[in-house]
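Please look over the sequence and the model before reading the points below.

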Amino acid sequence: MHPYRTHRCGELRLSHAGETVRLSGWVHRKRDHGQLLFVDLRDNFGLTQCVIDASSPLFAELEAVRVESVITVTGPVVKRDAETVNPGLPTGEIEIRVAELEVLSRAAVLPLQVNSDEDAGEEIRLRYRYLDLRRDKMHEKILLRSRVIASIRRRMIEQGFTEFQTPILTAGSPEGARDYLVPSRIHPGKFYALPQAPQMFKQLLMIAGFDRYFQIAPCFRDEDSRADRSPGEFYQLDLEMSFVTQDDVFAAIEPVMAGLFEEFAAGRRVTEPPFPRIAFAEAMRKYGSDKPDLRNPIVIRDATEAFRGSGFGIFARAIEGGSVVRAIPAPGAGGRPRSYFDKMNDWARAEGAAGLGYIIFAEGAGKGPIAKNLDAERVAAIKAACELGDGDAVFFACDKPRPAERFAGVVRNRLGADLELIAPDAFRFCWIVDYPMFELDEETGKIEFSHNPFSMPQGGLEALESRDPLDILAYQYDIVCNGVELSSGAIRNHLPEVMYKAFSIAGYSQQEVEERFSGLISALKFGAPPHGGSAPGIDRIVMLLADEPNIREIVAFPMNQKAEDLMMHAPAEVPQQRLDELCLKLDLPPE
RNA sequence: GGGGGUGUAGCUCAGUUGGUUAGAGCGCCGGCCUGUCACGCCGGAGGCCGCCGGUUCGAGUCCGGUCACUCCCGCCA
């Protein structure tokens, strides 16, 4: 007989009754009746009840074993009496009579309880992550993550993609987030950087002729964390394709994403390909965001004309000064008490807005401080434009166009949640397309790349030379699901002369471009295929599928908010000798 | 860097208006219990109430500071 097990803990059924088997696992729970002891033995695959009574010489030993100790039991599989069957357990029709017992590893008193649904604090959970991961909920989420990644690999390979590895120790990125740096011992004073994404490598693989690349790629960015953003590292489904248009990229990714979500949807509805395509400008206008949650039915309208020259002086004067008014319909909000609208106004101020005006529609008319100062025809026009009726309300964001759009989007999200308008049990996908190539930095007044500087401008060189840079769009696109930006991608700029021109608009000389992106620029001069791709975030996909708002819940060994690994004690000081080898001297800030 | 929340037993939490000896559940230790499956019953140990200072006759409770964790803003091509 195998020294540890003949079966797994989730495996035994009534059909095994009479066999002598051996199981190994963790003592999940004990029920001690004094002369009779039940032990639930747990492994990755399930639970099996083991039983022993005082007639056995092993009774005292098993009774003394603490939960979470690891033991091996050997004995016959016995059918349970009808009244002692546990229908809640797949193995509930049988139990093991313990005939032999070996304690493989004794557990100390636990800092957190594995067999309880009660959640420990995060600090304790991260410090003892191996115990936390034994808990059923965590165990399932990490296994889900593994199955999701396996499914992605299978689907990508089916789509004709080839998986490649790319370097972890590489050069820094001149644009974007802060790099993690690794000092070089062989080159004192020089540093490697960990890749923020394998962006240039995947483009170089296309230039090398591999046609379709993908990788479950680790990405490293030294930025502050959020609930949905780990400090340090995260994973992307990084992909790139040669000789493709934007539509080809969409057609390749959509079945992967739709199929993946369908596979793990567990009854939730998934947008069927082709996913809706929404231009960036339209998304900002209708949803106030470039990552709209399409489960929310609210569509933002423009109400500027209804307020221009009106009796509501605050808005009328602001409009004269170049502001606009966005109307955010709030279906069903008319029944809310006055305090709700006051609360919304307080909240708006806390969010940095000047306030949040509103009109309540009742008895065929508008109510509230704004409606009092607005002609009935204007109120009626707003009501009609927003497709509202009695019992509904509408909120207004009045500001310069860009901040008004953005704030209206924030209000839209808040109302969707407050009014319970978000469609449950659905994954609503869309593409956001036609991003502007450039944008104006409001502080410096300079023109900057709005997304990826390596994206191909729509209209190519001619557009760059002849049009207002702020009007030029890029072949740049995001996948959004339920208000979460899952990925960003682009058709790349594979023409050096277009690249030089694009960078010159953003204020970079040809020499600077050659210095900062030398590897890629020189590669583009030796025959580069038109190519493009995207990079959906693995962690965010798993978060959506696990319905889990915190990224640490779907990562086996995450760092805490301050980018510390509480279990492994990273980051850590290093011996002086290591610093000496690297020619590094510490110059720490004063306490 | 800025703002909010939290911090009480090993763990999860309660603790009233500032007032006697700071409680509960789980866990732990001991005792009883032969059909439980969150087994049950009895008993016990376990507290720098995050830390420092202040107000007060008296502080877990009020005030100031500080530290830790967390959420958000900034940041994240």
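Helices (H or I, at least four residues) and strands (E, at least two) are DSSP runs, numbered from the N terminus. This is a predicted model, in which local features need pLDDT of at least 70, side-chain atom pairs count only at pLDDT 80 or more, and totals for chains, interfaces and linings use all residues. Residues are numbered from 1 along each chain as its sequence is written, chains are lettered from A, and side-chain values use heavy atoms, with hydrogens and water left out.

**Overall**
- Chain A has 19 helices and 25 strands.
- The C-alpha atoms of chain A fill a box of roughly 95 × 75 × 55 Å along the principal axes.
- Of the 591 residues in chain A, 48% are buried; buried means under 20% relative accessible area, exposed over 50%, and partly exposed in between (1.4 Å probe, protein chains only).

**Phe315**
- Helix α9 (residues 313-320) holds Phe315.
- Phe315 has a relative accessible area of 8%, so Phe315 counts as buried.
- Between Phe315 and Met499 there are 184 residues in sequence and 44 Å in space, C-alpha to C-alpha.

**Aromatic pairs**
- Rings of Phe, Tyr and Trp (its six-membered ring) pair if their centres lie within 6.5 Å; planes under 30 degrees apart count as stacked, over 60 as edge-to-face and the rest as tilted.
- The count by this rule is 26 aromatic pairs.
- Phe261 and Phe427 are an edge-to-face pair, because their ring centres are 5.0 Å apart and their planes are at 75°.
- This pair links distant parts of the chain, with Phe261 in helix α6 (residues 246-264) and Phe427 in strand β19 (residues 426-427), 166 residues apart.
- Phe261 and Phe427 are both buried.
- Tyr358 and Phe395 form a tilted aromatic pair, with 6.2 Å from centre to centre and 50° between the planes.
- Distant parts of the chain are linked here too: Tyr358 is in strand β16 (residues 357-362) and Phe395 in strand β18 (residues 393-399), 37 residues apart.
- Tyr358 is buried, as is Phe395.
- One aromatic cluster is formed by Phe438, Phe449, Phe454, Phe503, Tyr508 and Phe517.

**Glu442**
- The loop between β21 (438-440) and β22 (447-449) contains Glu442.
- Glu442 counts as exposed because its relative accessibility is 74%.
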